[in-house]
Amino acid sequence: MAILNVSLRGTAASSSSSSLPSWPHLSNSVPFSLSKKPVIAKFPNTTILSPLKLRLQASFGKKTRASLSAIMATGGQEVLPPALTSTSDPPPLFDGKTRLYISYQCPYAQRAWISRNCKGLEEKIQLVSIDLQDRPAWYKEKVYPPNKVPSLEHNNEVKGESLDLIRYIDSHFEGPSLFPDDPAKREFAEELLSYTDSFNKSVFASFKEDGTEAADAAFDYIETALSKFEDGPFFLGTFSLVDIAYAPFLERFQPFSLEVKKYDITAGRPKLAAWFEEMNKNLAYKKTRRDPKELVESYKRRFLAQK
Ligand SMILES: N[C@@H](CCC(=O)N[C@@H](CS)C(=O)NCC(=O)O)C(=O)O
């Protein structure tokens, strides 16, 4: 087993051109192994293999990898690894591979996952799923001290924060650019990206109240934003990181509002309705989508229990 000792580079200043925080990795000596307790989540467009199937698949070696590439190239199903738990060993950290640590349930992680898929990086950036309810200690200790997902292991550093990561993935890897060159669009992109947190907060606040006033204003803002550029149905006209930043949250807000608040967020908002329609045609995004029923149930537990 290879033991890799790597020098400390603990500060953000020493990280690459980006201003993202990065964490040093100390050493790695533990082999990757599969979780004993797989979490099988439901995805309309994706398969999560059971550990047994995954082992079998690994043993098929190159041939399987080739067919996996073929599956990806044809835009078919991606085989997702099971979530790692407190009993799982870490992957062979800092071995030169690029890994995106996510939770399949996390909308922030989903942003980075969509960006990876949109750039066609399924084979270059390996997904590592973490069970947040039963988190492996090594994740905090060796990978990402803030102990949240998403994080990206790349070039012997680990970076986090979803909005920083989607920019990082876009600018540090090959694949179609997800950020426009046009200065007016770039400026609007910055405005929309900095609005995401307050947008989410307004909607979350409305979920804990009886009315929909707080959410109305937030969704109206989105409708107006979607009307600004007319060269396509997306926030900046054409598809971009802004759509990726909002999609995981809008994906949850729509079915929850409809079922629990009896509030159709697309009613009277034709641009938002068209945005959902176009987003749902995007295969890279669809592969990350959760079962809407599951999303609604999880939001019910989170918001209705507190009322
Ligand atoms: N601001 C962070 C938020 C990430 C975040 O809160 N992730 C959640 C899962 S959805 C998490 O890791 N929670 C674990 C914890 O807070 O201990 C980002 O945008 O990446």
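**Exercise 1.** In which kind of crossing, left-handed or right-handed, does α6 pass α7? Determine also how the two helices are oriented and which residues join them.

*Solution.* The model is a predicted one, in which local features need pLDDT of at least 70, side-chain atom pairs count only at pLDDT 80 or more, and totals for chains, interfaces and linings use all residues. Residues are numbered from 1 along each chain as its sequence is written.

Step 1. Helices (H or I, at least four residues) and strands (E, at least two) are DSSP runs, numbered from the N terminus. Helix α6 covers residues 183-207 and helix α7 covers residues 213-226; their axes come within 7 Å and cross at roughly 150°. Axes are lines fitted to C-alpha atoms, for helices over the stretch in contact, and angles run from 0 to 180 degrees between N-to-C directions.

Step 2. Angles under 35 degrees count as roughly parallel, over 145 as roughly antiparallel, 65 to 115 as roughly perpendicular and the rest as oblique. Therefore α6 and α7 are roughly antiparallel to each other.

Step 3. The crossing of α6 past α7 is left-handed, a term used if the near helix is turned anticlockwise from the far one by less than a right angle (right-handed if clockwise).

Step 4. Residues are in contact if their C-beta atoms, placed from the backbone, lie within 7 Å. From α6, Leu-192, Phe-199, Ser-202, Val-203, Ala-205 and Ser-206 meet Ala-214, Ala-215, Ala-217, Ala-218 and Ala-225 of α7. By class, this contact of α6 with α7 has 9 nonpolar, 2 polar and no charged residues. Here Ala, Val, Leu, Ile, Met, Phe, Trp, Tyr, Cys and Pro count as nonpolar, Asp, Glu, Lys and Arg as charged, and the others, Gly among them, as polar.

**Exercise 2.** Describe how α8 and α11 are arranged.

*Solution.* Step 1. The axes of α8 (residues 241-260) and α11 (residues 292-304) come within 9 Å, crossing at roughly 70°. That makes α8 roughly perpendicular to α11.

Step 2. On the α8 side the contact is made by Arg-252, Pro-255, Phe-256, Glu-259 and Val-260, and on the α11 side by Pro-292, Leu-295, Val-296, Tyr-299 and Lys-300. The classes in the contact of α8 with α11 are 7 nonpolar, no polar and 3 charged residues.

**Exercise 3.** Which residues have a positive phi without being glycine, and is each buried or partly exposed?

*Solution.* Step 1. Phe-94, in the loop between β5 (79-80) and β6 (98-102), has a positive phi of about 55°. Phe-94 is buried, with 22 other C-beta atoms within 10 Å; a residue is buried if 20 or more other C-beta atoms lie within 10 Å of its own, exposed if 12 or fewer, and partly exposed in between, with C-beta atoms placed from the backbone.

Step 2. Asn-155, in the loop between β8 and β9 (157-160), has a phi near 50°. Asn-155 has 14 C-beta neighbours inside 10 Å and counts as partly exposed.

**Exercise 4.** Locate the cis peptide bond and relate its residues to the ligand.

*Solution.* Step 1. The cis bond joins Val-149 and Pro-150, with omega about 5°. Pro-150 lies in the loop between α4 (137-143) and β8 (151-154).

Step 2. Val-149 and Pro-150 are among the residues around the ligand, a set whose C-beta atoms, placed from the backbone, lie within 6 Å of it. The shell divides into 6 nonpolar, 4 polar and 2 charged residues.
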